[in-house]
Amino acid sequence: MSAQVATGLTPRQLGRARRAWYVYDWANSAYVTTTATVLFSPYLTAVAQAAACPDGVGQVVRDGVTTCPVPLDVLGVPVAPGSLALYVVTFATLLSALVLPAVGAVADRSRSPRRLMTGFAWVGAAAAASMVFVAGDRWVLGVVLQLVASLCLGASLVVYDSLLVRLAGPAERDRVSSRGWALGYAGGAVLLAANLVLLAQADALGLDEAAAVRVSLLSAGLWWGVFTLVPHLGLRRLDGAPAVVVLPGPEGEPPQSTAGVVAGSLGQLVRTLRGAPAFPQTLLFLVAYLFFNDGVQTVIAAASVYGQQQLGFASSQLVVAILLVQVVALLGALAAGWVAQRTSARATILGSLVVWVAVVVAGMLIPAGDFGLFLALAAGIGLVLGGTQALSRSVFSQLVPLGREAEWFGLYQSAERGTSWLGTLVFGLVFQLTGSYRPAIASLVVFFVVGGVLLLRVDVERGRAQAQAA
């Protein structure tokens, strides 16, 4: 089935809809890059340490890292300030695992998935912009805002990813998905470059580093919210009948109330989970993705904390490194799409996982203060980052039953970017037990190895046939 037949759009309308769809990657990637990847985790760590060890009283130096051993009281649980940010990501993901599949079920039955997507996006953007108020010892506010932003990002991406099947046929999805990721990296790079200038010129502008970081966090939230207007307006032609047939109510009429749609959606989700064993290749890919994407997302979430706390780099140096990741990742996503068309998406992902293992091992061994080597590792991450994520989305889109894409992408999003939990949990625990980030970063190798082994067992052609026969 061609994309035009699947969506009912003319070629010109389809092109416009695709361009509007791409822009949501441009919009949310600014938050993912500036806030979630670079600035907020080390900033929240510093705020948490300031709350636990006021004026530096009680801090210790271990393995070249200055830490506060005084734990925070989080709902009666003692938490090391240096692990707080990673644990927040972990908790957000566990919560997402419960919420996002239900969001996908609702999206499949919604007559306007576009509005559902942009509604979540704007709530998340508001939370992201409000991070400007996280200062002093307000680590609790930071935790709450990060949870809201992370959940809303994941929910919006459930709907966003599911729209791929309405905009591209199976033969086009590698290319279309890769273009979306590439534009996302471009958007993240543009705002990150602007924030680099802000951080570098903070003194001239009368700002200290903390204030400059907060302004950067504000800019990411505003960017996310403003550019979400483009898909909100540009995807209107995708509104219409829901992809899943709504079962009639008691009087023979489809339920129109929100409660009826939600109840029906959750009921269908339960039926889908019960029927999931009928799609063994889809489930096997999802488990493989859970492992290697946990590794990817933990590297992204922990890179700035590792660079600042373990290797001693300033915020401006971290911004330079992540900016390099963005630029290389843009080219890497496009190159991965080209390679996948000439080999296969599965083979291209497997090759990228080999590079990920090499990057993690090198990161564990990098000497403190060696910024040149850190930049080389950043380039290596960028080379495989875009391809790993874009092609995984494309492969999964071919393994889900037609008409229930958003529901299955809800499961997929539980393991997607910014919602990794097992990797961040392991990373946080290893640091809390050892007091060093080096063994914590080394522990991530197992996620790429296990994910790669499972991916080797996935038969994409067989899985596609099972999904189409459903």
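## A loop residue between helices 18 and 19

Asp-459 lies in the loop that links helix 18 to helix 19 (460–469), where helices are DSSP runs of H or I with at least four residues, strands are runs of E with at least two, and both are numbered from the N terminus. This is a predicted model, in which local features need pLDDT of at least 70 and side-chain atom pairs count only at pLDDT 80 or more, while totals for chains, interfaces and linings use all residues. Residues are numbered from 1 along each chain as its sequence is written, and side-chain values use heavy atoms, with hydrogens and water left out.

Because its relative accessibility is 36%, Asp-459 counts as partly exposed; buried means under 20% relative accessible area, exposed means over 50%, and partly exposed lies in between, with a 1.4 Å probe and protein chains only. Although Asp-459 and Gln-281 are 178 residues apart along the chain, their C-alpha atoms are separated by 6.4 Å.

## The chain as a whole

The protein chain contains 19 helices and 4 strands, and 58% of its 470 residues are buried. Its accessible surface is about 17,900 Å², with 68% of that belonging to carbon and sulfur atoms; such areas come from the Shrake-Rupley method with a 1.4 Å probe, and for residues only the protein chains shown count as cover.

Of the contacts (heavy atoms within 4.5 Å) between residues at least 6 apart in sequence, 83% join residues at least 24 apart.

## Helix 7

Helix 7, spanning residues 173–200, has 28 residues and reaches 40 Å from its first C-alpha to its last, which is close to the 40 Å expected at 1.5 Å a residue, the expected span being 1.5 Å times one less than the number of residues. Helix 7 is mostly covered, with 20 of its 28 residues buried.

## Helix 11 and its two partners

Helix 11 (residues 280–310) packs against helix 18 (residues 445–456) at an angle of about 155°, with the axes 8 Å apart; axes are lines fitted to C-alpha atoms, for helices over the stretch in contact, and angles run from 0 to 180 degrees between N-to-C directions. The two helices are therefore roughly antiparallel, a term for angles over 145 degrees. Residues of helix 11 that meet helix 18 include Leu-284, Ala-288 and Phe-291, and those on the helix 18 side include Phe-447, Gly-451 and Leu-454.

Helix 11 also packs against helix 14 (residues 371–397), at an angle of about 150° and with the axes 11 Å apart, which means that helix 11 is roughly antiparallel to helix 14. Among the residues at this second meeting are Thr-282, Tyr-289 and Ala-303 of helix 11, with Phe-374, Leu-385 and Gln-389 among those of helix 14.

## Two buried residues

Ser-397 belongs to helix 14 and, because its relative accessibility is 4%, counts as buried. Leaving aside residues up to four places away in sequence, Ser-397 touches Leu-164, Val-165, Arg-173 and Phe-409. Ser-397 and Arg-173 are 224 residues apart in sequence, yet 8.1 Å apart in space from C-alpha to C-alpha.

Arg-166 is located in helix 6 (residues 164–167), and its relative accessibility of 18% is why Arg-166 counts as buried. Arg-166 and Leu-238 are 72 residues apart in sequence and 8.0 Å apart in space, C-alpha to C-alpha.

Conventions:
Angles under 35 degrees count as roughly parallel, over 145 as roughly antiparallel, 65 to 115 as roughly perpendicular and the rest as oblique.
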